[in-house]
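Take a look at the model below.

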Amino acid sequence: MSFKSFQLNLLNLRPWLTLLAVIWLLASLGLGWLVNSLLIIFGLLLLAPIVAFFGFRWWLQRNLVADQCPVCGYEFTGLNNSQVQCPNCSESLLVQNSHFQRFTPVGTIDVKAVEVPIQSLED
């Protein structure tokens with residue numbers, strides 16, 4: 001084995017020896033807490049998107065409402081406790097208790113029409 005082949009083998013091992021020296025230095029100086037905190041941060045970065053995805057799905061299942069418009073009967077979806085507009089008739093609606101309700105501004109009296117048969121007027 002010549003000196004040049006020994007140098008080439010040493011160059012191939014250089015990154016591994018550097019990593020081993022850094023780990024040995026951290027362990028000997030008592031900086032294990034630094035390594036542990038970096039591992040915890042790395043673990044959280046891997047787990048955070050997974051937890052966020054399943055958390056968003058859970059929230060969406062609880063708050064997404066599919067119902068019919070009380071004015072025109074068109075079925076569409078909206079978020080619970082929000083104000084939406086019917087895409088079919090453009091009526092402003094409130095989403096409350098997993099149902100769509102007509103939105104009436106403050107001070108407006110919402111009146112329901114009652115059909116009166118003609119026979120009762122003649123009697």
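Strands here are DSSP runs of E, at least two residues long, and they are numbered from the N terminus. With that numbering, S90 belongs to the loop between strand 3 and strand 4. The model is a predicted one.

Start with the sheet. Strands of a sheet pair through backbone hydrogen bonds, in a parallel or an antiparallel sense. This sheet is open, has three strands in the order 3-4-5, and pairs antiparallel. Its edges are strand 3, covering 82-85, and strand 5, covering 99-102. Each of these edge strands pairs on one side only. On average, neighbouring strands of the sheet are turned by 40 degrees against each other, with direction ignored.

Now take the pairings one at a time. Strand 4 spans residues 92-96, and four bridges tie it to strand 3 in the antiparallel sense. Q85 has its bridge partner in strand 4, namely S92.

Most residues other than glycine have a negative phi. S90 is not a glycine, yet its phi is positive, near 65 degrees. Is S90 buried, partly exposed or exposed? S90 is partly exposed, because its relative accessible area is 45%, and that class lies between the cut-offs of 20% and 50%.

The second case is N97. N97 sits in the loop between strand 4 and strand 5. These two strands form a hairpin with two residues between them. Phi of N97 is near 55 degrees, again a positive value in a residue other than glycine. N97 has a relative accessibility of 64%, so it counts as exposed; the cut-off for that class is over 50%.

Which class does E75 fall into, buried or exposed? E75 is exposed, because its relative accessible area is 52% and the exposed class begins over 50%. Leaving aside residues up to four places away in sequence, E75 touches D67 and Q68. What separates the C-alpha atoms of E75 and P87? The distance is 9.5 Å, for two residues that lie twelve apart along the chain.

Notes
Residues are numbered from 1 along each chain as its sequence is written. This is a predicted model: local features need pLDDT of at least 70, side-chain atom pairs count only at pLDDT 80 or more; totals for chains, interfaces and linings use all residues. Side-chain values use heavy atoms; hydrogens and water are left out. Buried means under 20% relative accessible area, exposed over 50%, partly exposed in between (1.4 Å probe, protein chains only). Contact means heavy atoms within 4.5 Å. Two strands pair if DSSP finds at least two bridges between them. Axes are lines fitted to C-alpha atoms, for helices over the stretch in contact, and angles run from 0 to 180 degrees between N-to-C directions.
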